[in-house]
Amino acid sequence: GAGLFFRIFFLLFLSQYFFSSLGLLIVFKEIWQINNEEQNITYEISATCIKNKIRSNRNGVTYCPVYKILFHNKEITLCDEKYTIIRKKEVGQKYQIKINPEDPNQFTDDRTMIINGIIIGLGIVIIVSGIIGGLLLNGK
């Protein structure tokens, strides 16, 4: 009866603000990260994929490339621990990546832009679900 109606009403009310706020937080955090990467990760360098770390779970297999670069006559191994199915790298192949010249362990590769776009898209979906929840709540 009325108790169930009140609970549903309260959940829709809460979801409107929670999901919209969560979505905004995700989008703004990702935009901040992209801006930070563009300001600090500026040095383009050739990197060799020396292996792919593999994670498997019930949804399938994901990969994280491990790169080797030569920077200031020093060999450095890089891995960002971002496991994806996007653009698996071939071991032994050279790829162009960008690093932070002050901290070469901070880097981006061609997967980064795709991952950022997916995260922003997810944030937008969450915002829209909060708005739809609000519209349902207000009966529009």
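Does Leu-136 count as buried or exposed? I looked this up first, keeping in mind that the model is predicted. Leu-136 has 57% relative accessibility, and the cut-off for exposed is over 50%, so Leu-136 counts as exposed.

**Entry: the surface patch**

I then checked where Leu-136 sits, and found it in helix H2, which covers residues 110-138.

**Entry: salt bridges**

How many salt bridges does the count come to? I got 6. As a reminder to myself, side chains of opposite charge can pair when their charged atoms come close.

I looked at Lys-53 and Glu-81, which form one of these salt bridges, with 2.6 Å between the closest N and O atoms. This pair links distant parts of the chain, 28 residues apart: Lys-53 is in strand S1 (residues 43-57), and Glu-81 is in the loop between strand S3 (74-78) and strand S4 (94-100). Lys-53 counts as partly exposed because its relative accessibility is 27%, and Glu-81 is partly exposed too, with a relative accessible area of 39%.

My next stop was Arg-111, which forms a salt bridge with Asp-80, their closest N and O atoms being 2.9 Å apart. Here again distant parts of the chain are linked: Arg-111 belongs to helix H2 and Asp-80 to the loop between S3 and S4, 31 residues away. Both residues of this pair, Arg-111 and Asp-80, are buried.

Arg-111 also meets Asp-109 in a salt bridge, at 2.9 Å from N to O. Arg-111 has 1% relative accessibility, so I put it down as buried; Asp-109 is buried as well, at 8%. Through shared partners, salt bridges join Asp-80, Asp-109 and Arg-111 into one network.

**Entry: the core**

Which residues make up the largest nonpolar core? I listed 11 residues, among them Ile-45, Ala-47, Cys-49, Tyr-67, Phe-71, Leu-78, Ile-99 and Phe-107. S1, strand S2 (60-71), S3 and S4 each give two or more residues to this core.

I finished with the contacts of Cys-49, setting aside its neighbours within four places in sequence. Cys-49 touches Pro-65, Val-66 and Tyr-67, and its other contacts include Lys-89, Glu-90, Val-91 and Tyr-95.

Note on methods: Residues numbered from 1 in each chain as written. Predicted model: local features only at pLDDT ≥ 70, side-chain atom pairs only at ≥ 80, totals over all residues. Heavy atoms only, no water. Helix = DSSP H or I, 4+ residues; strand = E, 2+ residues; numbered from the N terminus. Buried < 20%, exposed > 50% of the residue type's maximum accessible area, 1.4 Å probe, protein only. Salt bridge = Lys/Arg side-chain N within 4 Å of Asp/Glu carboxyl O. Core = buried A, V, L, I, M, F, W, Y, C linked by side-chain atoms within 4.5 Å. Contact = heavy atoms within 4.5 Å.
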